[in-house]
Structure formats: C-alpha cells, structure tokens
Amino acid sequence: MSDLLGLAVAASGQLTLNSLPIYFPVGGAKPRYFYRKKVAIGRTEGSLTGAYVGSDMVCLFADASGVYWFKGNRGQIEKIGSQAHFKKLLRQISLNKLDKSPLPVKKTEKKKKQTSKKSE
C-alpha cells in the first residue's frame with residue numbers, strides 16, 4: 001500500500017520536482033489532482049476530471065519501503081525522500097490538505113438469464 005498523487009500541469013517542456021512550486025506557488029491556483037492514500041500497488045485506476053487541455057501528467061508516490069518518488073512528464077524519476085519531505089513539497093504547491101479522490105465506479109451489465117417455458 002502506498003500514497004499516489006497524480007497532478008495535471010499545463011507546462012511547456014520537461015517538468016521536474018524542483019519546477020513544481022513554480023507552476024503552483026503558495027496562494028496561487030491549486031493543481032488539479034487525483035489522490036489515493038492507500039493504493040494496492042499495481043491494482044488501481046482513477047480519473048482526473050477537469051484537467052486542463054494540453055496538460056501534462058506527473059505522479060508522486062511512495063514505494064513499498066516508504067520512500068517517496070516523483071515521476072515527471074517525460075518519464076524521469078526523482079527521489080523525494082521521506083514522508084516529511086513529501087508533505088513539505090505539498091505545502092510548497094498549495095496542497096497541504098489533500099482530499100482523497102473517489103475511484104470511478106465501473107458499471108457492469110449483468111446478463112439476464114432468459115428461460116422459456118416449453119408448451120406441450
């Protein structure tokens with residue numbers, strides 16, 4: 001289980017861990033995000049509604065050891081460090097209070113069993 005935070009960033013060029021506060025300064029616009037506190041690794045999906053047209057996606061997540069990482073919009077991985085470092089970064093981008101995002105509900109159609117009575 002680990003934290004997972006996906007951010008939509010309207011950027012031109014490569015986004016790095018250090019550039020996030022430039023796009024989301026304290027007191028500025030809050031990022032559009034998808035957040036789950038407990039995620040079974042490799043077993044979740046989510047959607048980010050209201051993302052900006054042309055937005056790039058970046059992810060922040062914790063591995064099984066509790067180390068936090070940043071995955072940029074070009075696939076590069078950067079180490080954030082401990083949960084304290086993760087929370088510090090969230091304060092720097094105006095997300096010190098994250099609301100857990102709901103997972104989308106998948107609708108499945110149940111096949112109705114049709115029975116026919118044989119008439120004699």
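Phe 86 is buried in this predicted model, with a relative accessible area of 3%. The ring of Phe 86 stacks with that of Tyr 68, and this is the 1 aromatic pair that the structure holds. A further site described here is Asn 73, a loop residue that is also buried and whose side chain makes a polar contact with that of Asp 56.

**Aromatic pair**

- The structure holds 1 aromatic pair.
- The ring centres of Tyr 68 and Phe 86 are 4.4 Å apart and the ring planes meet at 20°, so the pair counts as stacked, the limit for stacking being under 30 degrees.

**Asn 73: location and burial**

- Asn 73 sits in the loop that runs between strand 4 (68–71) and strand 5 (77–81).
- The relative accessible area of Asn 73 is 15%, so this residue is buried.

**Asn 73: contacts**

- The side chain of Asn 73 comes to 2.8 Å from the backbone nitrogen of Leu 15.
- The side chains of Asn 73 and Asp 56 are joined by a polar contact of 2.9 Å.
- Beyond its neighbours within four places in sequence, Asn 73 contacts Gly 13, Gln 14 and Leu 15, as well as Asp 56, Met 57 and Val 58.

Notes. Residues numbered from 1 in each chain as written. Predicted model: local features only at pLDDT ≥ 70, side-chain atom pairs only at ≥ 80, totals over all residues. Heavy atoms only, no water. Helix = DSSP H or I, 4+ residues; strand = E, 2+ residues; numbered from the N terminus. Buried < 20%, exposed > 50% of the residue type's maximum accessible area, 1.4 Å probe, protein only. Polar contact = N/O pair within 3.5 Å; in protein donor to acceptor, adjacent residues only side chain to side chain. Contact = heavy atoms within 4.5 Å. Phe/Tyr/Trp six-rings, centres within 6.5 Å; stacked < 30°, edge-to-face > 60°.
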